[in-house]
Amino acid sequence: MTMDIKILLIEPNETVGDLIKKNLEREFDAKITLIRSGFEAVEIIKKGEYFDLCVARNQSETTNDKAIEQIAGLVLNSLYDNSLKTPLIVIGEFEHTLKKYAMVSDQLRIEELNRLVLKALNLKREEFSHLKMPDYIPYPTTHFYLMTLCPCDVFIKLTKRAGDEYVKRLHFGESFTKDDLKKYEDLGLKEFFVLKEERELFMNGLLTQSLKNLRGNYEPMKAVEVAADSFTISGDLIKSLGITPTCVAMVDQTILHMRNQITKSDKLGLLLKKLLDNKMSYSYRRSYMINLVSFTLLPKMEWGSTEQQQMLLEKISMVSFFHDIYLEEDAHLKIMNREDLKKVALSPKERDLVLNHANRAALLIQSYPKLPQGIDLIIKQHHGVSNGVGFPEVLTVNISPMAIFFVVVEDFVTQVLEHQDLTQLPAIIATLKLKYTLPTYRKILTEIESVFKKK
Ligand SMILES: [Fe+2]
Ligand SMILES: [Fe+2]
């Protein structure tokens with residue numbers, strides 16, 4: 001998240017001014033205009049330059065030859081005269097007829113000043129936690145999977161009694177392969193580290209290289225693996241950076257990549273077998289399988305024209321990518337109903353996450369650009385509950401038809417992954433039939449049955 005906070009700082013003392021300026025830059029990543037007198041402030045305010053906040057010393061310092069300037073008073077009058085609602089923080093004792101429009105810190109205390117800045121701008125401290133970063137920033141080794149060149153120096157951490165030590169392992173410009181990374185992982189390494197100052201360099205390299213390598217030409221089974229890496233990376237990035245243009249490009253590319261593979265391949269069985277191979281993440285394999293089954297199934301549902309079906313498939317692939325994005329543990333991903341929920345021991349925080357993951361993912365996707373209509377609703381209802389919280393007591397038809405479709409397909413796919421054996425399909429379908437007795441749900445199951453019978 002980046003937002004530029006612009007602050008007009010008026011402080012007559014040079015040393016103090018620099019101190020406050022550096023603090024505001026560090027704490028809030030703010031852009032500071034530092035000036036020395038109330039007179040200058042009035043001039044700037046008159047010109048109409050925008051500031052989010054003014055911070056002013058109460059008055060100028062006492063000198064022999066100059067009269068004391070009532071800095072804060074001048075600023076406050078000027079804001080008032082120009083009908084500006086810019087908040088004002090005054091440092092030092094302050095009396096004024098408009099005092100109620102200012103926040104006053106009687107003494108210069110940095111902590112107090114920072115607290116007032118948050119209050120004045122209506123912000124929370126957590127929104128700036130990224131500025132308090134350690135010198136070395138960890139990135140999971142999985143983030144390097146689609147890279148081949150080091151965009152900056154990369155370190156590993158050695159934990160020693162005297163404190164952590166960082167040792168350079170990959171040099172700027174050095175090339176590496178996924179096998180090299182696997183060797184580190186086999187030694188138990190899970191994270192690499194990048195210098196704080198170089199994190200943007202790293203992120204740029206990560207995004208551009210991953211995008212480029214994702215677009216490469218791979219033989220079908222290798223392509224499934226490449227998409228798996230990208231699925232993990234882009235999901236992680238969107239959770240940590242939010243919906244940014246580069247993240248969107250990577251998610252779009254990943255989804256497109258998966259969709260192309262599926263439409264190109266006529267070997268449903270072969271792809272399914274590959275997905276049972278648990279070297280790739282569970283979350284990816286399930287999403288992929290949902291896509292795969294949906295692509296075979298949807299045309300048979302007779303839901304509109306070929307064009308409309310194409311739209312539905314596009315929606316399903318978006319939903320399959322995003323619906324469980326907030327769940328990281330396989331155990332959490334496998335909770336599909338109230339009984340499963342009871343069986344898994346969860347901390348209150350984990351429980352909250354599991355109960356609200358559908359709703360949270362639906363909220364996240366709402367800011368996605370050019371989002372096809374109704375995707376947030378399908379994500380919200382992907383466990384069969386209309387408000388997206390928890391799991392249903394009984395199945396209902398009061399959710400979107402596409403959500404019903406998704407519920408049945410995901411349940412089927414989850415069972416297939418659980419059994420790890422395609423010969424078990426008839427038994428799986430028989431069990432699901434006991435659960436899905438409502439006609440709208442049953443119809444989807446019947447279609448699944450007919451598709452797999454033919455194989
Ligand atoms: Fe799911
Ligand atoms: Fe889910």
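The model is a predicted one, and its chain holds 18 helices and 9 strands. With a radius of gyration of 29 Å, well over the 23 Å that the globule rule gives for 455 residues, the chain is more spread out than a compact globule. Taken along the principal axes, the box that the C-alpha atoms fill comes to roughly 100 × 55 × 45 Å.

Among the helices, α7 spans residues 220–241, which gives it 22 residues, and the distance from its first C-alpha to its last is 31 Å, close to the 32 Å expected at 1.5 Å a residue. Just after α7 comes Gly-242, whose phi is positive, at about 85°.

On the α2 side, Gly-38, Ala-41, Val-42 and Ile-45 take part in the contact, and they meet Ile-71, Leu-74, Val-75, Ser-78 and Leu-79 of α3. Of the residues in this contact, 7 are nonpolar and 2 are polar, with no charged residue present.

Another pair is made by helix α6 (residues 199–214) and helix α8 (residues 245–264), which pack at an angle of about 20° with their axes 10 Å apart. That angle makes α6 roughly parallel to α8, and their crossing is left-handed. Here Leu-207, Ser-210, Leu-211 and Leu-214 of α6 meet a set of residues in α8, namely Thr-246, Ala-249, Met-250, Gln-253, Thr-254 and His-257. The contact of α6 with α8 divides into 5 nonpolar and 5 polar residues, and no charged ones.

Helix α8 also takes part in a further pairing, with helix α10 (residues 282–297), where the two axes come within 10 Å and cross at roughly 45°. That angle makes α8 oblique to α10, and α8 passes α10 in a crossing that is right-handed. The residues that α8 brings to this contact are Met-258, Arg-259, Ile-262 and Thr-263, which meet Tyr-288, Asn-291, Leu-292 and Phe-295 in α10. By class, the contact of α8 with α10 has 5 nonpolar residues, 2 polar residues and 1 charged residue.

Terms used:
Residues are numbered from 1 along each chain as its sequence is written. Chains are lettered from A and ligands numbered from 1 in the order in which they are written. This is a predicted model: local features need pLDDT of at least 70, side-chain atom pairs count only at pLDDT 80 or more; totals for chains, interfaces and linings use all residues. Helices (H or I, at least four residues) and strands (E, at least two) are DSSP runs, numbered from the N terminus. The expected span of a helix is 1.5 Å times one less than its number of residues. Axes are lines fitted to C-alpha atoms, for helices over the stretch in contact, and angles run from 0 to 180 degrees between N-to-C directions. Angles under 35 degrees count as roughly parallel, over 145 as roughly antiparallel, 65 to 115 as roughly perpendicular and the rest as oblique. A crossing is left-handed if the near helix is turned anticlockwise from the far one by less than a right angle, and right-handed if clockwise. Two residues are in contact if their C-beta atoms, placed from the backbone, lie within 7 Å. Ala, Val, Leu, Ile, Met, Phe, Trp, Tyr, Cys and Pro count as nonpolar, Asp, Glu, Lys and Arg as charged, and the others, Gly among them, as polar. The radius of gyration is taken over C-alpha atoms; the globule rule is 2.2 Å times the number of residues to the power 0.38.
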